[in-house]
Structure formats: C-alpha cells, structure tokens
Amino acid sequence: MKEIVLVKYGEMVLKGLNKKSFEDMLTKNIKRRLKSLGHFKITSAQSTTYITPLDEDIDLDEVTSRVGKIFGIASLCRACVCEKDFSDITAKSLEYLNDVLSGAKTFKVNAKRSDKAFHMKSPEICAELGGILLEKFPNLTVDVKNPEVTVTVEIRDTNAYVHAENIKGAGGLPVGSSGKAMLLLSGGIDSPVAGYMMAKRGVHISAIHYVSPPYTSDRALMKVEQLCEKLTDYCGGIAFFCVPFTEIQEAIKDNCPEEYFTVIMRRIMMEIAQRICEKEKCLALITGESVGQVASQTMSAIACTDAVCRIPVFRPLVGMDKTEIIDIARKIDTFETSVLPYEDCCTVFTPRHPKVKPLLADVEKAQNNFDFEPLIQKAVENTELKTFNYTE
Amino acid sequence: MSVYLDNAATTKPCPEAVEALMKAVTENFGNPSSLHRAGLNAQLAVDRARKIIAGSIGADVGEIYFTSGATESNNLALRGTMGAYGKRKNKIIISAVEHASIEETVTALEKQGFEAVRISPRTDGKFYVEDFINACDEKTCIVSIMLVNNETGHILPVKDIFMAVKKRFPEIITHCDCVQGYMKIPVRVKSLNADMISLSGHKIHAIKGVGALYIRKGVRVVPIVTGGYQEKGIRSGTESVPLISAFGSAVEKYSSTINERYEKVTGLKKYLLEKLSKIDGISINSPENASPYVVNISAGKRSEIMLHFMEQREIYISSGSACSKGQKSGVLEQFGITGKNADSALRISMTADTTTEELDFFVETLREGMEKIRN
C-alpha cells in the first residue's frame with residue numbers, strides 16, 4: 001500500500017498569471033525542508049502538491065509535521081494511493097482506515113471527483129463506500145453533520161486517493177515570494193512573533209541583533225540564536241547579523257539626557273539596520289512593536305524613531321495585546337526561550353523616567369550633542385554574519 | 001578468559017563515554033548555573049548531551065530531563081504525575097512484570113491511598129491490549145508499561161496498548177520504562193504514543209548515576225527533588241556534567257547502529273540456543289520473539305550455585321534480575337515459569353561485542369556445572 005502526502009494550496013490559488021511562480025516557490029521550500037528526511041518525488045497539479053516518498057522507511061509523521069509549518073499551504077493530509085477503480089478504492093480503504101475506523105463511533109464519506117470521466121458520480125461513491133464500511137465496522141453509524149471521522153475519496157487525474165485526516169496548514173504565502181526584509185530581533189517575546197507573521201506573508205526574513213558585552217552576556221546572544229533556529233521551521237534559512245553595540249550605548253549614556261536614552265538608541269539601531277539592509281537588498285524593516293506597550297512604543301516615540309527610516313518599517317504586532325502575542329509565541333515554540341532571564345541590549349541603561357511623549361525636535365537636539373556617525377560606521381563594519389538553516 | 005554476560009545489569013563504559021567523562025571532570029568543571037563562561041561551557045556540554053538524547057528518540061530538546069538514573073526517572077514519572085493529577089484521578093495501571101523501581105513505587109503510592117491495577121500476561125505468556133483497556137476508566141491517571149522485560153527479554157506490546165489507551169482515553173498519561181530497549185531496538189516517542197519515557201545511562205555503555213526522563217510538552221509533573229530550579233525545576237540539584245556528557249557521547253556512538261547490532265545479537269542468540277539445544281535438561285524461558293539481548297534459561301541447578309560456579313571460572317551471568325539480589329521477583333512466575341525452572345533460572349545478557357568463543361566457553365562451563373553441581 002502506497003502512502004503519500006497531499007498538500008492543498010492556501011490563498012495562492014487566487015493568484016492569476018503569477019500563480020506558477022508562487023507554486024514553484026512552494027515546491028522549492030517543501031523540497032528544502034524534506035531533504036534531510038530522504039528522497040521524495042514532489043509534483044504539482046490541480047492546486048495540489050503531491051509528496052511521494054521514494055525511500056522505504058520515511059517517517060511520514062515527521063513529514064506532515066514539517067510541511068505543516070511551511071507557509072502557502074491551507075491543509076495537508078496523508079493519503080493512500082488507489083487505482084481509479086472502485087473495488088481497489090474499497091479494498092484499500094478497508095485496510096488503510098482499519099485502525100481509525102475501528103476506534104470511532106460515527107463517520108461519513110466525502111467524495112471529490114475532479115476527473116469527471118470516472119464512471120461513478122460523487123454521491124454514488126459516498127453511498128456505496130459508506131454502505132460497505134458500515135457493514136465491515138459494526139461499531140460505526142453515519143453522522144453527516146458532526147462525524148468523528150470523515151473518509152474522503154478523491155478521484156484525480158492519474159489516481160484515486162483515500163484519506164481520513166485533514167491537517168490545517170500554516171496558511172499565508174510561500175516564504176520568498178514577497179522579497180526580503182530585516183527583522184530587529186531582541187530576544188524578547190514579541191520580535192520572533194513579528195518575524196513569523198511577516199514570513200507568513202511570504203517575506204524572506206533576515207535578522208539583526210545588537211550585543212553590548214559586558215552589559216549583555218554570551219547566554220543572551222545564544223538565546224537569540226536559538227530563537228533564530230526555531231524560526232527557521234517557519235521562515236526557512238535566516239541570515240543573522242550581530243552588531244557590536246557597547247560603545248554606542250555608552251556614548252548615549254555619557255552624552256545625551258537620560259530620558260531620551262531609549263528613543264535615541266532605537267533611532268541608531270534603525271539607522272544601522274537600514275544600512276545593512278541596503279547591502280543585503282532587504283526592502284523593509286520589521287519590529288515587534290505594539291502601540292503603547294512601553295515608553296518607546298507610544299505613537300510619539302514611534303514617530304521619532306521612524307523619522308530616521310528611509311525604508312518601510314513593518315510592525316505586524318502593532319494592534320495586538322500581549323496575551324495575543326504570547327499565544328502565537330507558544331504556538332511557534334519561541335515563548336519558553338524568549339522568557340529566559342538574560343539581560344538584552346534593550347534593557348541596558350533603561351532610564352528610570354523615559355519621555356513618554358518625546359517631540360522629534362527635542363530628540364534630534366539631544367542626539368546632536370554627540371557625533372555618532374563614526375561609531376555607527378564602526379558598528380556596521382564590525383557586524384558579524386551567521387547563517388541559520390532548518391533545524392533537523 | 002573473563003566473560004561478561006551480564007549486560008542487562010550494567011555494561012562496560014565505551015571509550016567515547018569515558019573520554020567525555022574525563023574531559024568534564026578535568027577541564028569543563030564549571031557549574032552550569034554559573035553566569036560566567038566556565039559555567040556556560042558546562043551548560044553547553046549538558047545541552048549537547050540533551051540534544052543528542054532528544055534526537056535519538058524523536059523528542060524535542062526541551063522534553064528531556066536528566067536524573068540520577070532510571071530508578072529516579074521511574075519514581076519521578078509515577079510520583080510526579082500522581083502529584084500533579086492524583087487529586088482528580090487516583091488510579092495507576094502497570095504490568096505485573098515491571099522492574100522494582102516501578103513496582104515498589106506503585107506499592108508505596110498505594111499506601112498513600114492511590115489505587116493500582118497490575119495486569120498479568122495470559123496463560124500463553126502474552127499481554128493483550130484489551131486487558132489494559134478494560135482496566136482503564138475515567139479515574140485512571142497513568143498507565144506505565146516497560147518496553148523490554150529485564151529478566152526474560154519479552155518485548156511488551158507497548159505501542160499497541162498505548163495507541164488503544166490514547167484512542168479511548170486521551171487524557172490518560174502513558175509512561176514507558178525503556179531501559180532495556182533503548183539503543184537496542186528503535187524507540188520513538190511518537191510511534192510509541194508515550195507521554196513519558198525512562199532511560200538509563202549505564203545500560204548503554206555510559207556511566208552509572210545518570211538517566212533521563214522524557215516528558216512530553218504539556219504533561220505536568222510535580223518534582224520530587226526541589227531546590228535550585230535546575231532542569232526547569234523538575235529535577236533540582238547541580239547537573240552532573242561528567243555523567244551527562246558521557247551519556248550523550250554513548251548515545252551518539254550507538255544510535256546509528258541499532259539495527260545492525262540487533263541483527264548481530266540475533267545471530268549470537270541463535271548460535272547460543274543451538275549450542276544449548278545439544279544439552280539435555282535445559283529449557284529456554286525467553287520467547288522466540290524476545291529481545292535477543294536477554295536470554296533466560298533454566299538448567300536444573302539452583303541459580304545462585306550455578307552463578308558462583310561460573311564466577312569461579314570468570315564467567316559473569318545473573319540469576320533473574322540483578323536488582324533483586326537473589327530475591328525472587330515474581331516476574332518469572334508471571335510468565336508461567338514456576339517451581340524448579342524458576343529456582344534454576346539464569347539470565348545471559350549480551351552486547352554486540354559478545355563473541356562466539358565467549359558463548360562456547362559459557363556453554364562448556366554450563367555443561368560442566370550441570371554435571372558437577374549436586375542438588
């Protein structure tokens with residue numbers, strides 16, 4: 001009995017003439033993600049991708065778990081391949097679905113006949129197969145409204161497929177189909193979630209992080225690297241830029257009024273990030289800011305930060321509550337890492353009473369007390385690059 | 001020639017484990033909880049071992065907790081789970097052939113007021129899924145079954161039982177003591193349907209004093225050792241970096257050769273059984289489909305005497321389980337091995353490094369013992 005994985009597209013089915021490029025991107029992402037599990041044949045037809053394992057002992061649970069995190073997919077399922085012949089469909093259904101049906105109480109049969117040349121119509125398939133299953137499994141009754149198990153028969157171009165599960169996909173668009181952007185990754189709860197959300201819209205993520213030893217530790221950096229690794233499940237490979245930030249933070253501390261410390265620091269972070277974006281051809285910045293969460297995320301503070309930005313800044317969490325953000329962080333398994341208690345650069349020298357509503361003119365004046373340009377150039381030059389690929 | 005055939009009791013540490021141990025003892029001696037780099041390096045060694053062990057059973061890194069050994073892992077699994085859920089659900093189901101660290105812990109929990117059910121094999125020596133399912137109900141908190149029996153090598157149908165349990169009662173927690181199966185047969189958390197798995201270091205050529213418990217994410221466990229919040233608070237106490245590193249290195253060495261070693265040991269078992277079949281008065285207590293690593297036989301002479309007779313010739317085997325130090329465990333009886341056969345039961349447990357010459361010497365000595373020992 002041959003088992004494969006069927007992958008149904010998400011919103012990319014709505015794309016017109018561009019659909020092919022999205023499809024290719026998705027196939028490429030699936031191939032890369034499954035490479036370490038063995039050999040597969042991956043083909044696409046009728047808005048579905050077919051993943052056929054070519055090796056004997058491939059762990060299909062692992063396959064569905066990995067593919068379930070690839071963006072661009074609405075749903076997926078493991079299915080048994082049948083001949084386009086009703087007696088073969090029946091025989092394979094009985095064998096393939098034996099475990100799940102013998103443990104269930106209610107079921108229904110669903111048929112989809114995209115090959116209209118098949119001699120039985122969908123309702124006939126449902127009625128016939130349903131009858132046979134009822135006979136073989138006395139524990140079952142039919143429930144068309146709320147069945148425990150939905151047996152689906154798909155009659156497609158070359159084969160028929162039987163399955164009884166439907167796993168929800170990650171949704172969104174294939175990563176890479178929307179271009180590249182730079183995520184400001186601090187190590188907190190929000191920024192990984194922001195990266196995940198933009199990747200869902202097809203954005204290929206690079207990440208930037210600022211370190212300030214001895215104010216921040218090796219462990220703090222490792223924590224961020226771990227977050228990067230976890231994000232690769234969804235985002236694919238990530239180029240990770242690590243910026244030495246100690247001198248800049250000390251210079252702000254020494255030369256600028258305390259209440260403007262955070263907003264000036266963020267402006268400089270943005271400046272460094274967009275200089276690296278220019279080199280790396282990233283089209284936008286991504287941050288995990290949410291309006292009003294902390295003093296540097298009030299509308300006035302965001303306005304002061306954005307004043308230095310020459311490229312768009314995406315803030316996918318801007319209207320979300322912390323609890324909503326945490327829910328996503330748990331779902332993508334970054335929460336536990338994010339809450340490890342190591343100080344990051346954002347909390348170094350935090351002013352006791354920051355300006356909640358800073359005015360741009362005042363901030364610029366405060367920042368102009370000192371010429372940061374040489375330090376910024378030095379930080380950009382000394383930035384280190386590390387690449388993260390899928391975790392295996 | 002010294003012949004060690006008691007590998008179910010403990011194994012000789014492999015060079016890789018010893019090297020990792022020595023490195024941690026002499027160089028990487030920091031406390032993983034210390035904030036400085038010496039501490040960080042120790043933590044990295046522990047993380048490395050955790051990653052290897054998690055990978056070896058298809059678990060997530062965050063789901064592996066190091067303990068002092070499988071006895072502690074089993075205690076933590078049972079006591080920890082009952083501590084977390086026992087108020088609402090007070091029933092424990094185990095097989096009647098579990099290791100003492102499960103059996104005795106359940107007995108202790110019974111004294112605290114929890115209810116326990118022990119499922120025996122049927123007269124054919126086999127466990128049946130429905131016997132476990134029939135014992136399960138809404139009050140059942142945990143089902144704990146060993147993967148491979150340490151005395152006979154029986155492989156229990158854990159996968160089927162857990163799958164059936166989870167289908168009918170998704171809330172019930174499933175725990176598997178995999179000590180005698182780990183690194184000998186493939187153990188995957190998903191295909192086993194296990195919420196918790198106990199592992200031991202010294203049974204797989206690492207060092208005594210370290211084990212691990214896999215706890216599936218989402219399962220709550222109340223710690224039995226509290227303190228400095230190591231192992232996410234599930235098992236406090238400074239991590240034994242040397243033992244944990246050695247454990248990781250042993251797993252790294254052996255996890256890629258599970259199938260080929262299994263085949264090799266299957267060949268050794270076949271060889272041994274063929275030799276034994278030529279001696280009258282020997283019965284084989286291990287079933288054919290048992291783990292080949294453990295062969296339980298009866299040779300008509302009291303186990304302990306035969307064991308010492310062998311020991312005089314530098315052959316080391318065991319009578320029943322090494323943990324019970326000569327006490328009858330009752331496990332053989334459960335499998336229908338009673339009376340004289342139980343009193344004369346011997347356990348030969350091999351590794352892939354066992355040689356046919358060693359087995360020849362053992363068989364020859366056994367023949368001699370059967371002649372010389374007076375009942």
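**Group meeting: a walk through a predicted two-chain model**

Okay, let's start with helix α1 of chain A, residues 19-34. At 1.5 Å a residue, its 16 residues should span 22 Å, and the C-alpha atoms at its ends are 23 Å apart, so the two values agree. Before I go on, please keep in mind that what we're looking at is a predicted model.

So which residues of α1(A) are buried? They are A:F22, A:E23, A:M25, A:L26, A:N29, A:I30 and A:L34. Those residues cover an arc of only 160° around the axis, and that puts them on the same side of α1(A). Now turn to the face pointing away from that buried side: there you'll find A:K20 and A:K31, which are exposed. And what sits over the buried residues of α1(A)? The cover includes β2 (40-45), β3 (48-53) and α2 (60-67) of chain A.

Now zoom out to the whole of chain A. It has 14 helices and 15 strands, and its C-alpha atoms fill a box of roughly 85 × 35 × 35 Å along the principal axes. Of its 392 residues, 40% count as buried. If you take the contacts in chain A with a separation of 6 or more, 81% of them come from residues 24 or more positions apart.

Next, the cores. How many residues are in the largest nonpolar core? It has 106, and A:V153 and A:I264 have the most contacts inside it. Helix α9 of chain A, residues 261-280, gives the most to this core, with ten residues. Let's look at A:I264. Leaving aside neighbours within four places in sequence, A:I264 is in contact with A:I252, A:C256, A:V363, A:A366 and A:Q367. Apart from that core lies another one, of 72 residues, and B:A42, B:I53, B:L192 and B:A212 are among them.

How do the chains meet? The contact takes six residues from chain A and six residues from chain B. On the chain A side, the touching residues divide into four charged, two polar and no nonpolar. The predictor gives the complex an ipTM of 0.70 and a pTM of 0.83. As for chain B, its mean pLDDT is 95, and 98% of its residues reach 70 or more.

In chain A, a cis peptide bond joins A:P213 and A:P214, with omega about 5°. You'll find A:P214 in the loop between β11 (204-211) and α7 (218-235) of chain A.

Over in chain B, B:M183 isn't a glycine, yet it has a positive phi of about 70°. B:M183 is in the loop between β6 (173-177) and α7 (189-192) of chain B. Is B:M183 buried or exposed? It counts as buried, because it has 23 C-beta neighbours inside 10 Å. B:N193 isn't a glycine either, and has a positive phi of about 60°. That residue, B:N193, is in the loop between α7 and β7 (196-200) of chain B. With 19 other C-beta atoms within 10 Å, B:N193 is partly exposed.

That's it from me, thanks!

Conventions:
Residues are numbered from 1 along each chain as its sequence is written. Chains are lettered from A and ligands numbered from 1 in the order in which they are written. This is a predicted model: local features need pLDDT of at least 70, side-chain atom pairs count only at pLDDT 80 or more; totals for chains, interfaces and linings use all residues. Helices (H or I, at least four residues) and strands (E, at least two) are DSSP runs, numbered from the N terminus. The expected span of a helix is 1.5 Å times one less than its number of residues. A residue is buried if 20 or more other C-beta atoms lie within 10 Å of its own, exposed if 12 or fewer, and partly exposed in between; C-beta atoms are placed from the backbone. The arc is that of the directions from the helix axis to the C-beta atoms. Two residues are in contact if their C-beta atoms, placed from the backbone, lie within 7 Å. A nonpolar core is a set of buried Ala, Val, Leu, Ile, Met, Phe, Trp, Tyr and Cys residues joined through C-beta atoms within 7 Å. Ala, Val, Leu, Ile, Met, Phe, Trp, Tyr, Cys and Pro count as nonpolar, Asp, Glu, Lys and Arg as charged, and the others, Gly among them, as polar. pLDDT is the predictor's confidence in each residue, from 0 to 100.
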